[in-house]
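Please look through the predicted model shown below, with its sequence alongside.

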Amino acid sequence: MDTRAEMSSYHELGCVYYKMGIIESARKYHEKHEEIAYSVDILEEVAKANSELYKVFLILAKTNEDNNNFEDAIVNYNLSLESAKKCLDKQAEADANGSIGNLLLQQGKAEESLPYLSRQAELAADMGFSEGRCKASSALALAYDRLNRSEKALAELNLVHTISEQEGDIYLQAKSSKALGSLLSKLGRLNDAVTAFERHYELIKTLLSNKTSGIEEDQVKNDTLPVDLEIARSYVAISKGNHVYGSYVIK
């Protein structure tokens, strides 16, 4: 069997096992494909093998995460990240960075999450992928807030709000307005917090009106409920109380 035929057979076997859900066997054959491709220095075959390995490692990582095996999940997400780089897939690379960063953040490792979330944001910006940029910046804002780097958190949330307004994403505008209100309250900018919470309230009203009218939001499913409007109203009332008394009580 010649080298290209051998690589092709390993590729096909790996794909068959992947479709069957036998992931470790899929990994074995795609890694054989990659090994031969490196040995003969055929870079397009290296990329082809890693395009499949990315999916394999992603499945393994998600399975680890679902089973609360977070250390192995991080290992496999990192392997998926390396495969994304090898096959020059910028979207996959951004997604892998986001998965690692968010998992580290969930595990209370905010400082460790920053390089991954920052890289996700950078790649999304390079690709002009607004939704991905907003997801990365929202996670970065949370990480910075947990590290008591409030001004950096505020900058990321302001960016999310700006992008969501440009894209006309009402759902994301509402989420970012609420997050801005809470952060501005913590920073003692109580008048600005009132404005943010009032904006949140008006956006929730719009979402409910659109849902009643059957208007679908472009970016996400509109799952807004009437209780969300009451909650938004309470945030406005509390923020106004904060402003009157000059202290922050929203947690």
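Are α4 and α5 roughly parallel or roughly antiparallel to each other? The axes of helix α4 (residues 70-86) and helix α5 (residues 90-106) cross at roughly 160 degrees and come within 8 Å; since angles over 145 degrees count as roughly antiparallel, α4 and α5 are therefore roughly antiparallel to each other. The crossing in which α4 passes α5 is left-handed. On the α4 side, the residues that meet α5 are Phe70, Ala73, Ile74, Tyr77, Asn78, Ser80, Leu81, Ala84 and Lys85, and their partners in α5 include Ala92, Ala96, Ile100, Leu103 and Leu104. By class, the residues of this contact of α4 with α5 divide into 11 nonpolar, four polar and two charged.

Helix α4 also packs against helix α3 (residues 43-66), at an angle of about 160 degrees and with the axes 8 Å apart, which makes α3 roughly antiparallel to α4. Here, too, the crossing is described by its hand: α3 passes α4 in a left-handed crossing. From α3 the contact draws on residues including Leu53, Tyr54, Phe57, Leu58 and Ala61, while α4 contributes, among others, Phe70, Ala73, Tyr77, Ser80 and Ala84. Phe70, Ala73, Tyr77, Ser80 and Ala84 of α4 are also among the residues that meet α5. The contact of α3 with α4 has 12 nonpolar, five polar and four charged residues.

Among the residues that make the contact are Ala153, Leu154, Leu157, Val160 and His161 of α8, together with Leu172, Ser176, Ala179, Leu180 and Leu183 of α9. The contact of α8 with α9 has nine nonpolar, seven polar and one charged residues.

The elements that give two or more residues to its lining are α7 (130-146), α8 (150-167) and α9 (170-186), and α9 gives the most, with nine residues. Of the 22 lining residues, Ser138, Leu157, Lys175, Ser176 and Ala179 lie nearest the centre of the pocket; Leu157, Ser176 and Ala179 also take part in the contact between α8 and α9. By class, the lining of the largest pocket divides into 11 nonpolar, four polar and seven charged residues.

Notes. Residues are numbered from 1 along each chain as its sequence is written. This is a predicted model: local features need pLDDT of at least 70, side-chain atom pairs count only at pLDDT 80 or more; totals for chains, interfaces and linings use all residues. Side-chain values use heavy atoms; hydrogens and water are left out. On a 1 Å grid over the protein atoms alone, a cavity is a set of points where a 1.4 Å probe fits but cannot get out, and a pocket is an open set with protein on both sides within 12 Å along at least five of seven lines; lining residues have an atom within 4 Å of a point. Helices (H or I, at least four residues) and strands (E, at least two) are DSSP runs, numbered from the N terminus. Ala, Val, Leu, Ile, Met, Phe, Trp, Tyr, Cys and Pro count as nonpolar, Asp, Glu, Lys and Arg as charged, and the others, Gly among them, as polar. Axes are lines fitted to C-alpha atoms, for helices over the stretch in contact, and angles run from 0 to 180 degrees between N-to-C directions. Angles under 35 degrees count as roughly parallel, over 145 as roughly antiparallel, 65 to 115 as roughly perpendicular and the rest as oblique. A crossing is left-handed if the near helix is turned anticlockwise from the far one by less than a right angle, and right-handed if clockwise. Contact means heavy atoms within 4.5 Å.
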